[in-house]
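Biologist: Please take me through one part of this model in detail. I want the side chains, pair by pair.

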Amino acid sequence: MHVHLTEPDKAAACKQLIEQLNQCHESGLMAKYTGMCNDAKRALDRCLRQERLDRTARNREAAKMRDAKWTDAQKKYAEL
């Protein structure tokens with residue numbers, strides 16, 4: 001299940017794919033329930049996954065920087 005797709009960061013990154021999936025779902029119940037929207041859903045899944053991986057990488061780098069800063073602060077304190 002997807003996170004809320006109305007969040008601004010999701011709307012900016014995958015907006016076109018979200019709109020395509022919504023249009024497909026609105027085109028009728030047959031399209032929605034017989035798999036005619038599966039390609040649009042898979043494309044949206046890939047986009048959201050890539051967004052998550054990018055966000056995870058950014059967070060990991062930020063955490064490494066915080067850890068390095070904390071380690072340096074501990075070493076300076078230990079020298080006192």
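The answer goes through the packing, then the charged pairs.

Modeller: This is a predicted model, so local features need pLDDT of at least 70 and side-chain atom pairs count only at pLDDT 80 or more, while totals for chains, interfaces and linings use all residues. Residues are numbered from 1 along each chain as its sequence is written, and side-chain values use heavy atoms, with hydrogens and water left out.

The part to look at is helix 3, residues 38-79. Helices here are DSSP runs of H or I, at least four residues long, numbered from the N terminus.

Take the packing to begin with. The largest nonpolar core has 12 residues. Such a core is a set of buried Ala, Val, Leu, Ile, Met, Phe, Trp, Tyr and Cys residues, joined through side-chain atoms within 4.5 Å. Buried means under 20% relative accessible area, exposed means over 50%, and partly exposed lies in between (1.4 Å probe, protein chains only). Helix 3 supplies at least two of the core residues, and so does helix 1 (8-26). Among the members are Leu17, Leu21, Ala43, Leu44 and Cys47. Setting aside neighbours within four places in sequence, Leu17 is in contact (heavy atoms within 4.5 Å) with Ala43, Leu44 and Cys47.

Now the charges. Side chains of opposite charge can pair when their charged atoms come close. A salt bridge here needs a side-chain nitrogen of Lys or Arg within 4 Å of a carboxyl oxygen of Asp or Glu. The count by this rule is four. Helix 3 holds the pairs below.

Start with Arg42 and Asp39, whose side chains meet at 3.1 Å, N to O. These two are three residues apart in helix 3, so about one helical turn separates Arg42 from Asp39. Asp39 is exposed at 58% relative accessible area. Arg42 is partly exposed at 44%.

Next come Glu51 and Arg55. Their closest N and O atoms are 3.9 Å apart. The spacing is four residues in helix 3, again about one helical turn. Here Glu51 is buried, at 14% relative accessibility.

Lys64 is partly exposed at 48%. Glu61 is partly exposed too, at 45%.
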